[in-house]
Structures are given as structure tokens and as C-alpha cells.
Amino acid sequence: MTAKLVLHLPDHERAALEAGKMASLYPRLKRMIERRGGTVEIAPRFPPVAPDGNLHVVDNARKPHKDVLIAALAYLDGCWHLDPKGVLADSSIATRHFVPEEIDALEAERYVAALKARFSEQRNSRYHQKKAVEEIDPEGIVIFLQGPPPYRRGHAYMSRDEMIRTVLEGAGGRPVYVKPHPLRKEEGVKAIKEMKAAGYRLIKTNANVHDLLRQAAVTVSANSAASIEGFLHGTPTLLFARADFDQVAEVVKTPEDFAAALARAVGQKRDYTKFLYWYFSQCLWLDDPAFEANVLARFADMGFPPERLGLDMS
């Protein structure tokens with residue numbers, strides 16, 4: 001029996017697809033399959049408990065299932081995970097070993113130069129950012145606050161407030177800037193006010209993320225996209241949660257880890273260029289000429305080659 005592609009989408013992705021917007025992965029998949037004679041079904045976000053013979057793509061699912069690929073934006077606009085294991089901290093990339101010596105330096109430099117031209121040099125990020133350029137102390141530590149996901153999903157090693165206190169108490173005289181998450185500004189401002197009321201010295205900032213990443217001595221987050229964006233600027237990071245890009249980061253699991261992690265982060269050189277090439281080459285770019293071939297290869301790896309999906313490949 002011919003299998004269908006079933007897309008399990010949250011309301012905002014379903015609405016964007018129905019409106020004909022093409023900025024997301026899902027309309028690209030739908031168009032690709034239907035153009036080749038296959039069938040696509042749009043379904044509620046969560047997949048069936050038992051396999052039904054179809055291939056399911058689920059937005060941001062928390063656990064892997066048979067015949068399911070999990071999808072999510074992979075930190076940079078236009079770049080996506082499509083992974084049987086999970087996305088972001090749970091992606092298959094987290095289980096693979098980064099070996100710089102195996103990567104062609106010139107190819108990596110060309111690849112990352114294109115990323116810089118597209119993102120860091122244009123000061124573009126996923127959420128709205130200030131256009132005005134702002135300066136910070138180059139010895140500063142910048143904390144990027146996040147929303148609930150790393151804490152709700154059990155990725156974080158400590159709470160948001162414990163992370164902030166750990167940095168403030170271990171900064172060693174470095175100024176500490178804190179940027180609220182653009183989608184959680186009130187929550188971030190409240191946390192900052194509470195820290196100040198408790199006697200801590202910190203600086204609230206809403207500067208453009210790339211201004212902060214360009215100048216900071218080091219960034220801190222649970223596992224924010226800002227931390228991996230910082231690699232475009234050569235800026236080291238300390239992560240307080242699991243991440244699939246932590247092989248070139250310092251990971252802080254307890255407050256006692258912080259001082260040594262900070263010293264390593266600012267004192268050791270890392271090959272961010274080769275790492276960014278290695279990491280993002282394993283993701284799907286919507287504007288990649290090989291996008292459809294790469295997607296079909298992932299479908300085939302799941303046991304759904306074109307013939308099972310009823311696709312005309314002529």
C-alpha cells in the first residue's frame with residue numbers, strides 16, 4: 001500500500017501553510033511530495049501511538065517514535081533539523097564526534113564566510129533586534145535568558161536564577177550583562193529586578209544580539225541559539241544545559257564548575273569555523289539546491305523510499 005506523508009503541526013505552522021507562506025520547512029515538504037504525485041495529510045501535532053504504515057513528520061516532538069521524523073528550526077533562519085532521534089539538544093548531532101582534522105579548512109572557511117555574510121555581518125537573528133549599534137565592555141560576560149523549553153524538557157543542569165547567581169558570584173570583576181529573551185521580556189526583566197533587589201550588580205541590555213556577541217568576552221546561556229550564533233564571531237560560550245553544539249563549549253553542571261569553565265572558555269582557542277561547517281552541513285537548508293535530494297535521502301533512511309510514497313521521480 002502506498003504510504004502518505006503526515007505533517008503534525010502546531011496551529012501557527014498550520015496557519016502559515018494554509019496562507020501559502022513558504023518560509024518554513026513544512027510547505028516545502030508538502031509541495032515537494034505533491035508535485036511528485038504523493039499524498040500529504042495535515043494532522044494534529046502529536047503522532048499516533050502505534051505505527052500506521054505512513055511517514056510522520058512532527059514539529060518539535062519530545063520523544064522519538066517509529067516512522068517519525070522530528071523537525072525544528074536549527075538555530076539559524078532557513079536551517080532545519082529533520083531527525084529520527086530528536087531536535088536541538090536531542091538531535092542526532094549530539095551523539096556524533098566532531099574531529100577538526102577530518103574537515104577541509106578552505107571548504108569550511110568558504111562555508112562560514114557565507115554564513116557570516118548572511119547573518120552576523122547583517123546583524124540578523126531569529127527575533128527582532130535593535131538596529132542602533134551599542135557598545136559594551138569587551139571584558140563582559142553576557143547572559144542570554146531563555147523561555148521554558150530547556151527547563152521543561154529536563155535539559156538544564158540548574159534553574160535560571162541559579163545560573164544567574166552562579167555567574168554573578170563567579171565573574172571575578174567582569175561586568176555581567178543580561179539580555180531578556182525577546183519573547184519573554186517581562187519575565188526576564190522581573191528576574192533582573194529580583195537579582196538587583198538581592199544586592200547583585202548586573203546590567204540589563206536589549207542591545208542587538210550581534211553587537212553583544214561581537215564584543216563579549218564570553219556568553220552564557222542554558223543552551224540558547226545565541227550561544228551558537230556567537231561562534232560566528234569567535235566568541236566562546238558557557239552552557240548550563242545539554243546541547244547538541246557543546247563539543248566546542250564549556251559546560252557548567254554545578255556552581256562549583258563555573259570558575260574553571262570560565263578560565264578555559266576565555267583562555268583556550270577553538271576552531272569554530274570547522275565546527276560550524278561540520279554542524280550546519282548536517283542540517284537542512286531550505287535554499288540548498290540539494291534540499292529535495294537530501295530530504296528524500298532522509299525519508300529513504302526511515303524506510304520510505306520514493307516508490308513507497310508513490311512518488312514519480314522521472
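Visitor: Which residue in β11 stands opposite Leu238?

Guide: Glu250 does. Keep in mind that this is a predicted model.

Visitor: What makes β10 and β11 a pair?

Guide: Two strands count as paired if at least two bridges are found between them. Strand β10, residues 237-239, and β11 share two bridges, in the parallel sense. The pairing therefore meets the cut-off of at least two.

Visitor: What sheet do β10 and β11 belong to?

Guide: An open sheet of six strands, in the order β8-β7-β6-β9-β10-β11. The pairing is parallel.

Visitor: Why are β8 and β11 called edge strands?

Guide: β8 (203-204) and β11 (250-251) each pair on one side only.

Visitor: How do you know whether β4 is enclosed or open?

Guide: Count its buried residues. Buried means under 20% relative accessible area. Six of the six residues of β4, 68-73, are buried, so the strand is largely enclosed by the rest of the structure.

Visitor: Which residues cover each face of β4?

Guide: Side chains in a regular strand alternate between the two faces of the sheet. On one side of β4 are Val68, Ile70 and Ala72. On the other are Leu69, Ala71 and Leu73. All of these are buried, and both faces are covered.

Visitor: What makes β3 a partner of β4?

Guide: Four bridges join β3, residues 55-59, to β4 in the parallel sense. The cut-off is at least two, so the two strands pair. Val58 has Ile70 of β4 as its bridge partner.

Visitor: How many bridges join β4 to β5, and do the strands run parallel or antiparallel?

Guide: Four bridges join β4 and β5, and the strands run antiparallel. Leu73 has Trp80 in β5 as its bridge partner. The hairpin of β4 and β5 has five residues between the strands. In this hairpin, Tyr75 takes a positive phi near 75 degrees.

Visitor: Why is Ser92 called buried?

Guide: Its relative accessible area is 10%. Buried means under 20%, so Ser92 qualifies. Ser92 is found in the loop between β5 (79-83) and α3 (105-118).

Visitor: What makes the Ser92 and Asp83 pair a polar contact?

Guide: Their side chains come to 2.7 Å. The cut-off is within 3.5 Å, so the distance passes. Leaving aside neighbours within four places in sequence, Ser92 is in contact with Asp83, Lys85 and Gly86.

Visitor: How do you know whether helix α10 is enclosed?

Guide: Eight of the nine residues of α10, 272-280, are buried, so the helix is largely enclosed by the rest of the structure. Among them are Tyr272, Phe275, Trp278 and Phe280. Lys274 is also buried.

Visitor: What do the buried residues of α10 pack against?

Guide: They pack against β5, α3, α8 (225-229) and β12 (284-285).

Visitor: Which residues of α2 are buried?

Guide: In α2, residues 25-35, they are Leu25, Tyr26, Pro27, Arg28, Leu29, Met32 and Ile33. Gly37 follows the helix, with a positive phi near 90 degrees.

Visitor: How many cavities of 30 Å³ or more are there?

Guide: The count comes to one. The largest cavity holds about 30 Å³ of space.

Visitor: Which residues line the largest cavity?

Guide: Leu145, Gln146, Arg160, Pro180, His181, Arg184, Glu187 and Gly188.

Visitor: What makes up that lining by class?

Guide: Two nonpolar, three polar and three charged residues. Leu and Pro count as nonpolar, Arg and Glu as charged, and Gly as polar.

Key: Residues are numbered from 1 along each chain as its sequence is written. This is a predicted model: local features need pLDDT of at least 70, side-chain atom pairs count only at pLDDT 80 or more; totals for chains, interfaces and linings use all residues. Side-chain values use heavy atoms; hydrogens and water are left out. Buried means under 20% relative accessible area, exposed over 50%, partly exposed in between (1.4 Å probe, protein chains only). A polar contact is a pair of N or O atoms within 3.5 Å; within protein, one must be able to donate a hydrogen and the other to accept it, and residues adjacent in sequence count only if both atoms are side-chain atoms. Contact means heavy atoms within 4.5 Å. On a 1 Å grid over the protein atoms alone, a cavity is a set of points where a 1.4 Å probe fits but cannot get out, and a pocket is an open set with protein on both sides within 12 Å along at least five of seven lines; lining residues have an atom within 4 Å of a point. Grid points are joined across faces, edges and corners, and a volume is the space filled by probe spheres set on the points.
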